Amino acid sequence: GSRLEAVLYLALGKPGEAGGARRIADVGCYVARLAIEIVRRDSQARVIAIDHTPGPVQIGQRQAAETLQAFDLARLNLRVGDGLKPLAVGEVEVACIAGLPVERLLALIAPSESPELPRALGVQRLVLQPVKADPRGIYTLQSWLWHHQWLVTDERI
């Protein structure tokens with residue numbers, strides 16, 4: 001749908017644009033729909049898809065195996081874990097979190113015990129798509145971004 005298209009656009013850049021992200025995390029991926037679509041659309045992208053629940057990750061692995069060619073499948077890594085914690089330093093340039101309420105989104109991207117985790121891992125860009133966000137939730141997200149010095153460079157509503 002259009003929500004998926006908006007996240008893809010922000011994660012990959014404009015079609016044909018040089019310098020788009022090539023190492024991307026899909027955090028809170030559920031069944032890895034976004035991750036599979038990134039790999040399908042961008043032959044250079046490497047994606048790590050993470051969810052805390054093993055069941056959906058297994059479904060995502062099956063769907064990837066059915067959808068992607070073997071050489072594309074090698075560019076997708078599905079992991080069970082919480083938020084950014086399963087990532088090593090320098091593994092991704094962009095972290096996407098889509099389809100979650102603001103509170104859960106922030107808990108995944110920057111757990112209270114390590115709010116600077118994205119930067120410590122070398123993440124250069126966040127693509128965030130909260131759902132069910134009322135004005136208070138949007139304010140909470142914008143405040144967190146401002147407080148942690150993340151610049152909003154693009155927005156899709």
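**The sheet and what packs on it**

Five strands form an open sheet in the order β3-β2-β1-β4-β5, with parallel pairing, where strands (E, at least two residues) and helices (H or I, at least four) are DSSP runs numbered from the N terminus, and two strands pair if DSSP finds at least two bridges between them. The edges of this sheet are β3 (76-80) and β5 (125-130), each of which pairs on one side only. Neighbouring strands are turned by 15° against each other on average, direction ignored; the axes are lines fitted to C-alpha atoms, for helices over the stretch in contact, and angles run from 0 to 180 degrees between N-to-C directions.

The model is predicted, so that local features need pLDDT of at least 70 and side-chain atom pairs count only at pLDDT 80 or more, whereas totals for chains, interfaces and linings use all residues. Residues are numbered from 1 along each chain as its sequence is written, and side-chain values use heavy atoms, with hydrogens and water left out.

Strand β2 (residues 46-51) is joined to β3 by 5 bridges in the parallel sense, and in this pairing V47 stands opposite L76 of β3. Strand β2 also pairs in parallel with β1, again over 5 bridges, and there A49 of β2 is the bridge partner of D26. Of the 5 residues of β1, 4 are buried, which leaves the strand mostly covered; buried means under 20% relative accessible area, exposed over 50%, and partly exposed in between, for a 1.4 Å probe and protein chains only.

Helix α2 (residues 33-41) lies across β1 (23-27), β2, β3 and β4 (94-100), and runs at about 175° to β2. Helix α5 (residues 102-109) also packs on the sheet, where it touches β1, β4 and β5 and its direction makes about 155° with that of β4; contact here means heavy atoms within 4.5 Å.

**Helix α7 and the segment after it**

Which residues of α7 are buried? They are G137, L141, W144 and L145, and, seen down the axis of α7, the buried residues fall within an arc of 100°, so they line one face of the helix. The arc is that of the directions from the helix axis to the C-beta atoms. An α-helix has 3.6 residues a turn, so residues three or four places apart point the same way. The cover over the buried residues of α7 includes α5 and β5, while P135, R136, Y139, W146 and H147 are exposed on the other side of the helix.

In the segment after α7 comes H148, which is buried with a relative accessible area of 11%. Leaving aside residues up to four places away in sequence, H148 touches P115, E116 and R119. Q149, which also follows α7, has a positive phi, near 60°.

**The cysteines**

How many disulfides does the model contain? The count comes to 0, a disulfide being a pair of cysteine sulfur atoms within 2.5 Å. The sulfur of C29 is 11 Å from the closest cysteine sulfur, that of C96, and is therefore too far away for a bond. C29 is buried at 7% relative accessible area, and C96 also counts as buried, at 0%.
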